[in-house]
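Have a look at the fold before reading on.

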Amino acid sequence: MGSNRLKLGVLVSGRGSNLQAIIDAIERGDLEAIIALVVSDKKEAFALERARKHGIEALFIDPKAYESREEHERAVGDELEKRGVGLICLAGYMRILSEYFVNRFRWRIINIHPALLPSFPGLHGQKQALDYGVKISGCTVHFVDEKTDHGPIIIQAAVPVLEGDDEDTLAARILEYEHKIYPRAIQLFAQGRLEIEGRRVKVKRAPIHTWAVANPPLEG
Ligand code: GRF
C-alpha cells in the first residue's frame, strides 16, 4: 500500500516535536506519506530517539567529520536520495543550507518558522516578536530558497500575543499551531496541490482522480 507514497526526509537538530507531529499525522491517517529517513547534525538530538521509537531509520551525520559544509551536505543529500526521498522537511534543523543543497533539491525542501514571515526571520522568532511588541505572531511553513526563512509561503497560522506572555509561553502557544500546519502543508505537497508562481504558492483543488476515488459515481 505504502510504496507509492511520498517519501519524506526530516532534518532535525533537537527535541523533534515537529517531527513527532508529522509521525502522529501519518499514524492517524491524516498525512499520506512515509518518513524514509531522519537526519540529525547533533548526536544527542532527542528527535533521533523519537524516530527510532517508531521504527524510523535515523542517522547522525556529523558535520565535523567533513572538510566543508558542502561536503557534509553532499553526504546528507546522498543518504536522502538513496532512500528515494521526494520532500525534505526541516524541523528545527539548526544549519543554514548552502546554495549547493538548495539547488540539488530545488522546491523539494520546506521549513517551519515560529513567526509570521517576513517578520522576524532567523533565530528566536518568538522573542523577536515579543520584544517588538506585536499583538499577533504565529508560524509559517515555506519552501526553502537561498535566503534564510525567505522562500514562497505555503501556510501560516496567526497566534495572539497575550499581555503576560514571556518567550516560553508565547513559544508554547505558537508550537501548538506549528504541529497543526506542518503536517497539513506536507499533505498538500503529497497530493500534488502546490504550485509555485514567483513568490506565491497556489493551492490547487484536489486532483480529479483523488476525488473520483473518494466519491465513486452512484450506480444507476
Ligand atoms: C520550532 O519552533 C520550529 O519552528 C523552529 O525550530 C523549532 C523546532 O522545534 N524551526 P522541534 O525540534 O520541532 O520541537
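Are α1 and α6 parallel, perpendicular or oblique to each other? The axes of α1 (residues 17–28) and α6 (residues 167–190) cross at roughly 50° and come within 9 Å, and the pair is therefore oblique. Angles under 35 degrees count as roughly parallel, over 145 as roughly antiparallel, 65 to 115 as roughly perpendicular, and the rest as oblique. The axes themselves are lines fitted to C-alpha atoms, for helices over the stretch in contact, with angles running from 0 to 180 degrees between N-to-C directions.

A word on what you're looking at: this is a predicted model, where local features need pLDDT of at least 70, side-chain atom pairs count only at pLDDT 80 or more, and totals for chains, interfaces and linings use all residues. Numbering starts from 1 along each chain as its sequence is written, and side-chain values use heavy atoms, leaving out hydrogens and water. Helices (H or I, at least four residues) and strands (E, at least two) are DSSP runs, numbered from the N terminus.

Back to the first pair. On the α1 side, the contact (heavy atoms within 4.5 Å) uses Ser17, Asn18, Ala21, Ile22 and Ala25; α6 brings in Leu175, Glu178, His179, Tyr182, Pro183 and Ile186. Sorted by class, that contact has seven nonpolar residues, three polar and one charged. Nonpolar here covers Ala, Val, Leu, Ile, Met, Phe, Trp, Tyr, Cys and Pro, charged covers Asp, Glu, Lys and Arg, and the others, Gly among them, are polar.

Helix α1 also meets α2 (residues 46–53), and α6 also packs with α5.

| Pair | Crossing angle | Axes |
|---|---|---|
| α1 and α6 | roughly 50° | within 9 Å |
| α1 and α2 | roughly 15° | within 9 Å |
| α5 and α6 | about 120° | 9 Å apart |

With axes crossing at roughly 15°, α1 ends up roughly parallel to α2. Ser17, Leu19, Gln20 and Ile23 of α1 touch Ala47, Arg50 and Ala51 of α2, a set of four nonpolar, two polar and one charged residues.

As for α5 (125–132), its angle of about 120° with α6 makes the two oblique, so they go in that class. Gln126, Lys127 and Leu130 of α5 meet Glu167, Leu170, Ala171 and Ile174 of α6, giving four nonpolar, one polar and two charged residues.

Helix α6 has 24 residues and reaches 33 Å from its first C-alpha to its last, close to the 34 Å expected (1.5 Å times one less than the number of residues). At its start, a side-chain oxygen of Asp166 reaches to within 3.0 Å of the backbone nitrogen of Asp168. After α6 comes Gly192, with a positive phi near 70°.

Most residues other than glycine have a negative phi, and most peptide bonds are trans. Trp107, not a glycine, has a positive phi of about 60°, and sits in the loop between α4 (99–104) and β5. Leu117 and Pro118 are joined by a cis peptide bond, with omega about 10°; Pro118 lies in the loop between β5 (109–113) and α5.

Conventions: Polar contact = N/O pair within 3.5 Å; in protein donor to acceptor, adjacent residues only side chain to side chain.
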